[in-house]
Amino acid sequence: MSNQLMDKTAEKYEMIFEGIEDKWILTVCPEDLIENADGELDCPLEYVLRRNDYSLKDLNELSPIRAIFVQKKNGDSIVLNEISLNVNF
């Protein structure tokens, strides 16, 4: 297991969904973090939505333009992954 995954509880993580007019900042639980095949930290979208009391329908109503997976560490925000969303869920 990589050091990145072992240290996941030392920082906070967020998933940010940006729409044309609105932005959601959702907390990511450390238990939901996984290490993907490339050795990068990731989290399933469904877990983030469910733990924050949202559904894919709610997300679709936001009409998101992009999703940003962020690590918060020592007051800094580090973008771990950014995805452009131009599809309907």
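Predicted model: local features only at pLDDT ≥ 70, side-chain atom pairs only at ≥ 80, totals over all residues.
**Notebook: sheet and pocket**

Started with strand S2: Trp 24, Leu 26 and Val 28 make up its covered face, while Lys 23, Ile 25 and Thr 27 sit on the uncovered one.

Next I looked up what S2 pairs with. Strands S1 and S2 run antiparallel to each other, paired over 6 bridges. I checked the link between them too, and a hairpin of 4 residues takes S1 into S2. For a landmark I picked Trp 24 in S2, which is the bridge partner of Phe 17.

Then I went for the whole sheet. In what order do the 4 strands of the open sheet come? I read S2-S1-S5-S6, with antiparallel pairing. S2 (23-28) and S6 are the edge strands; each has a single partner, so one side of each has no neighbour in the sheet.

On to the S1 and S5 pair. I count 7 bridges between S1 and S5, again in the antiparallel sense. One spot I marked is Lys 12, which stands opposite Lys 72 of S5.

Gln 71 got an entry of its own, as a residue of strand S5. Is Gln 71 buried or exposed? Its relative accessibility is 12%, and the cut-off for buried is under 20%, so I put Gln 71 down as buried. I then looked for a side-chain partner and found Tyr 13, whose side chain makes a polar contact of 3.3 Å with that of Gln 71.

The largest pocket comes out at about 170 Å³. Its lining has 13 residues, and Met 15, Cys 43, Leu 45, Ala 67 and Ile 83 are the closest to the centre. Which elements give two or more residues to this lining? My list reads S1 (12-18), S5 (66-73) and S6 (76-84), all strands. S5 gives the most, with 3 residues. I also sorted the lining of the largest pocket by residue type: 11 nonpolar, 1 polar and 1 charged.

Looking back over the page, S5 keeps coming up. I have S5 paired with S1, S5 as the strand that holds Gln 71, and S5 as the top contributor to the lining of the largest pocket.

Methods
Residues numbered from 1 in each chain as written. Heavy atoms only, no water. 1 Å grid on protein atoms, 1.4 Å probe; cavity = no way out; pocket = protein on both sides within 12 Å on 5 of 7 lines; lining within 4 Å. Points joined across faces, edges and corners; volume = space filled by probe spheres on them. Nonpolar A, V, L, I, M, F, W, Y, C, P; charged D, E, K, R; others polar. Pairing = 2+ DSSP bridges. Buried < 20%, exposed > 50% of the residue type's maximum accessible area, 1.4 Å probe, protein only. Polar contact = N/O pair within 3.5 Å; in protein donor to acceptor, adjacent residues only side chain to side chain.
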